[in-house]
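Visitor: Hi, I'd like to go through the salt bridges and the surface of this one with you. Could you bring it up?
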Amino acid sequence: MMTLKVNGHDHQIDADPDTPLLYVLRDELKLNAAKFGCGLGQCGSCTVIVDGKAVLSCVTPLLLLKDKEVTTLEGLGTVEKPAPIQRAFMEEQAAQCGYCIAGMMMRAQALLQRNSKPTDSQIRSELQTNLCRCGTHMRILRAVHRAAHLMDTAELMTSGEGSAQ
């Protein structure tokens, strides 16, 4: 039995320490945004954030997650109040089939947490791990820039700089 912290909540998990995180998220915690794509860490559809870093959950065993914080797409926002990255992907209509999008959003979120104003080159470099066969790459790029703007605007509003004087 181990405690796994996911989306700010502790969960008691009774699984073999070698079990990939993806299986626990989907099968035990019913968090289905992270997808099983290849099972080999080559497609990125299973990407989550662990302690601020994008991680491929299909190849990350539970034993590496002791005392770490896991964030899934479900932990960023809700249907009623989407996170900036979720809102930006919707507004830019960046999904076509949608299979890769959760992983793309999580990798982009991790980038934006480190770098609030990434260049096109930095975004492309960060997202190259995630495969998308639908061809919405330009919309995804625009969505990441939009999310950066939304996050920056939200930060200004909470700091009081964006309010009328």
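Guide: Here we go: the side chains of Lys68 and Asp51 meet in a salt bridge, 3.9 Å from N to O. The term stands for a side-chain nitrogen of Lys or Arg within 4 Å of a carboxyl oxygen of Asp or Glu.

Visitor: What parts does that pair tie together?
Guide: Lys68 lies in the loop between β4 (53-56) and β5 (69-71), and Asp51 in the loop between β3 (47-50) and β4, so the pair ties together parts 17 residues apart in sequence. Helices (H or I, at least four residues) and strands (E, at least two) are DSSP runs, numbered from the N terminus.

Visitor: Before we go on, what sort of model is this?
Guide: This is a predicted model, where local features need pLDDT of at least 70 and side-chain atom pairs count only at pLDDT 80 or more, while totals for chains, interfaces and linings use all residues. Residues are numbered from 1 along each chain as its sequence is written, and side-chain values use heavy atoms, with hydrogens and water left out.

Visitor: Thanks! How many salt bridges does the structure hold?
Guide: Nine. One of them joins the side chains of Arg142 and Glu92, at 3.1 Å from N to O. That pair links distant parts of the chain, with Arg142 in helix α5 (residues 137-159) and Glu92 in the loop between α2 and α3, 50 residues apart.

Visitor: Is Glu92 buried or exposed?
Guide: Glu92 is buried, at 13% relative accessible area, whereas Arg142 is partly exposed at 42%. Buried means under 20% relative accessible area, exposed over 50%, and partly exposed in between (1.4 Å probe, protein chains only).

Visitor: Which residues are linked with Glu92 in a network?
Guide: A network of salt bridges links Glu92 with Arg87, Glu91, Arg142 and Arg146.

Visitor: And what does Lys117 pair with?
Guide: Lys117 forms a salt bridge with Asp152, their closest N and O atoms being 3.4 Å apart. Lys117 sits in the loop between α3 and α4 (120-127) and Asp152 in helix α5, so parts 35 residues apart in sequence are tied together. Lys117 is exposed, with a relative accessible area of 57%, and Asp152 is partly exposed at 29%.

Visitor: Changing topic: which residues make the nonpolar surface patch?
Guide: Tyr23, Phe36 and Tyr99 make a patch of about 290 Å². Patch members have over 30% relative accessible area and no salt bridge, and nonpolar side chains (Val, Leu, Ile, Met, Phe, Trp, Tyr) are joined within 5 Å.

Visitor: Where is Tyr99?
Guide: Tyr99 is in the loop between α2 (84-91) and α3 (101-114), and Tyr99 is partly exposed at 40% relative accessible area.

Terms used: Patch = residues over 30% accessible without salt bridge, like charges linked within 9 Å, V, L, I, M, F, W, Y side chains within 5 Å. Areas by Shrake-Rupley, 256 points an atom, 1.4 Å probe, with all protein chains shown as cover.
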